[in-house]
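Please keep the sequence and the model in view while reading.

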Amino acid sequence: MFTPTELLRLYVMDALGKEGVPVHDQRLKVWDVYRHEICRNDLAILSTGTRGGLVYKPDLPVFLPGTLQNQIEWFEAFDAFQRDLFVAQLRAEAERLAAAEEARIAAIGRRVIGMLDRGAGNPLQIVGEIAGVADELRKTASEMTGAVQAALDAPLQSYARADASLLDDLSAFVAQLMAEAAGDVAEDLDDDVDDDEDDDEEARRPVSGRKLTVDVFRRAMRARAIGQATGRSPGARTRNGKVLQFLRDRSLELPDLKAIGGRLLVQRAARRIAKAPATWLSGVSLRYRQFRRAMRAEGQWYSDNAIGGSDAHPAELDAILLAIVGQARAMSKDRLLQSRLDERRPVLMDAVARLRRNQILIDEATDFSPLQLAVMRNLASVETDAVFISGDFNQRLTIWGSRSHEDLGWAVPDIELHPISISYRQSRKLAEFAVGLARLQGGEVVEQGPVGMDNDGFSPALGLGLNSIDERAKWLASRIAEINMLSAGTMPTIAVLVENEDEMEQLAVVLSGMVEDLNLPVVSCPRGQVKGQATEVRIFDVKHIKGLEFEAVFFTNVDRLALEQPDLFDRYIYVGATRAATFLGLTVSGDGLPGVLDRLQPEMCESWS
């Protein structure tokens, strides 16, 4: 089960416990936390100390205004780009094989070109056919390994015979390069593409000492050979480029490896095609970065702000995740592909399978983007395909959240929608206030009062001209005293919502002194990670409002909230109004409510006494 915030997760956990439903932390997740976990630990999307990858930057200024509000169109543009790029890269490698001098290799290349033509741009069909000839391609590549590797190692042997200190000096230089490796990871897309692993699909075994030196040298020679064959030298900032420059600085003549480069290109083409089922999944991150680079050049979707090549915004991780889990799901449902892959199933395919659950439940679904909902949907078991969501479009508190039934249908195809229009939580006056506010926001509200309940309640209270914390605390203390009186001394649950956490602790201290005669503790609940006790007046940051249910809810500094979050402030008030059962209070520093709220001001009172 996924929730958008930690505070809501805690409340859901309590609610499930009260209903006798056992809850485990591993089954009830905040999406932001879960996404980071699986991107780093399960799917190898994010970098670690021992592996390259993307770097999570939650506030990365990468997008143009409007991109996050149009994530479906943005993702579909990326998905079309990465599919076309994947097929185009396979075609380029197949054409290289078809042009090989050896007739047997050329014939294999022509067969793969036929597969690409039959696939007509359908990568799943293409990887399924390629899986049927993958062993033949691997065998072709392996047969070339011995002669190629000997040719790449020969220069080092020659250099070492001429200069006894070379190997020691090169080893020291390689150690320095390895220490700097984290800064070089995936910085240059072109070098990422060219510097393939020499092994097949298995991970390379780590090496150290002299073996590492030989390995790094061989890779540099390999890069030179391919560069000579293609007319494109390794970048000066890459590890291979630095090793080649190290040799030049020692006045060593670099070998002519153009002929070997041609054989390497054929060998690499065979390996890349054989690895297509794996790179269809593992290459998504790289293809995304190529898409971003291309779109930035065209001024589409992305800003021109300076960003690191491997930096990634959370929404970018959502897009990459959706491509991977969606493609893995399609592969898992293709029985012919499954049988052809057999024991060579891509590592990521099994990693995604381990993440799937028999049922996926999503609370406050409208706070999630369509991409996030689609990722969650793809984490449902292929056999059960069971996804349950709940939410209210009028309570969406994120600019990227899902806005319509169409968004939900895109994320979870064939979903059945069942509207719930009866409210059992609130008094009549607060329900009417919330409905009126939702309609002013342009929301569709079809709501009935609870059947068999007669609770008129109280109009919302408004405190005007409250500029300081002392003034706000005094007004709050007066309203709390009224609630105490109206409740015959039995204090109901009370929440105070501030527009940010800056004054949370100070307000708690000041308010505590003003309500001490009621023997009522006041506590701050920072970062939405503490929910407090029902016997306390609890102070929260307004962004953690989801999940809260109280008899009384107070908003402070509504006009400042409107300045800080002009696109969402009235939605916060709406959500707050729906979380309060009986009492709702608002304070402003000026003489009136901001925005559309001013139309509801005549319905509000100064006090409840």
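How many helices and strands does the protein have? There are 25 helices and twelve strands, where helices (H or I, at least four residues) and strands (E, at least two) are DSSP runs numbered from the N terminus.

## Basis of the model

This is a predicted model, in which local features need pLDDT of at least 70, side-chain atom pairs count only at pLDDT 80 or more, and totals for chains, interfaces and linings use all residues. Residues are numbered from 1 along each chain as its sequence is written, and side-chain values use heavy atoms, with hydrogens and water left out.

The predictor's confidence in each residue, from 0 to 100, is its pLDDT. The mean for the protein is 88, and 92% of the residues reach 70 or more. Over residues 182–203, however, the pLDDT is below 50, although this stretch has 55 contacts in the model beyond near neighbours in sequence; a contact means heavy atoms within 4.5 Å. Where pLDDT is low, the predicted coordinates should not be read in detail.

## Overall dimensions

The C-alpha trace spans about 95 × 50 × 45 Å along its principal axes. The protein exposes about 28000 Å², of which carbon and sulfur atoms supply 49%; accessible areas come from the Shrake-Rupley method with a 1.4 Å probe, and for residues only the protein chains shown count as cover.

Of the 609 residues, 51% are buried. Buried means under 20% relative accessible area, exposed over 50%, and partly exposed in between (1.4 Å probe, protein chains only). Among contacts between residues at least 6 apart in sequence, 77% join residues at least 24 apart.

## Nonpolar cores

A nonpolar core is a set of buried Ala, Val, Leu, Ile, Met, Phe, Trp, Tyr and Cys residues joined through side-chain atoms within 4.5 Å. The largest has 86 residues, and those with the most contacts inside it are Ile45, Trp74, Leu97 and Tyr302. Helix α16 (residues 314–332) supplies the largest share of this core, eleven residues. A second, separate core of 37 residues includes Ile573, Tyr574, Val588 and Leu600.

Leaving aside residues up to four places away in sequence, Ile45 touches several residues, among them Cys39, Leu54, Leu317, Ile320 and Ile324.

Helix α13 covers residues 258–274, and its 17 residues should span 24 Å at 1.5 Å a residue, which agrees with the 24 Å between its end C-alpha atoms. The expected span is 1.5 Å times one less than the number of residues. Because 13 of its 17 residues are buried, α13 is largely enclosed by the rest of the structure.

Ala330 is found in helix α16 and is partly exposed, with a relative accessible area of 32%.

## Selected loop residues

Ser381 lies in the loop between α19 (370–378) and β6 (386–389). It counts as buried because its relative accessibility is 8%. The side chains of Ser381 and Glu383 are joined by a polar contact of 2.9 Å; such a contact is a pair of N or O atoms within 3.5 Å, and within protein one must be able to donate a hydrogen and the other to accept it, while residues adjacent in sequence count only if both atoms are side-chain atoms.

Most residues other than glycine have a negative phi. Ala44, in the loop between α2 (31–42) and β3 (55–56), has a positive phi of about 55 degrees. Phi of Ala120 is also positive, near 50 degrees, and Ala120 is exposed, with a relative accessible area of 68%.
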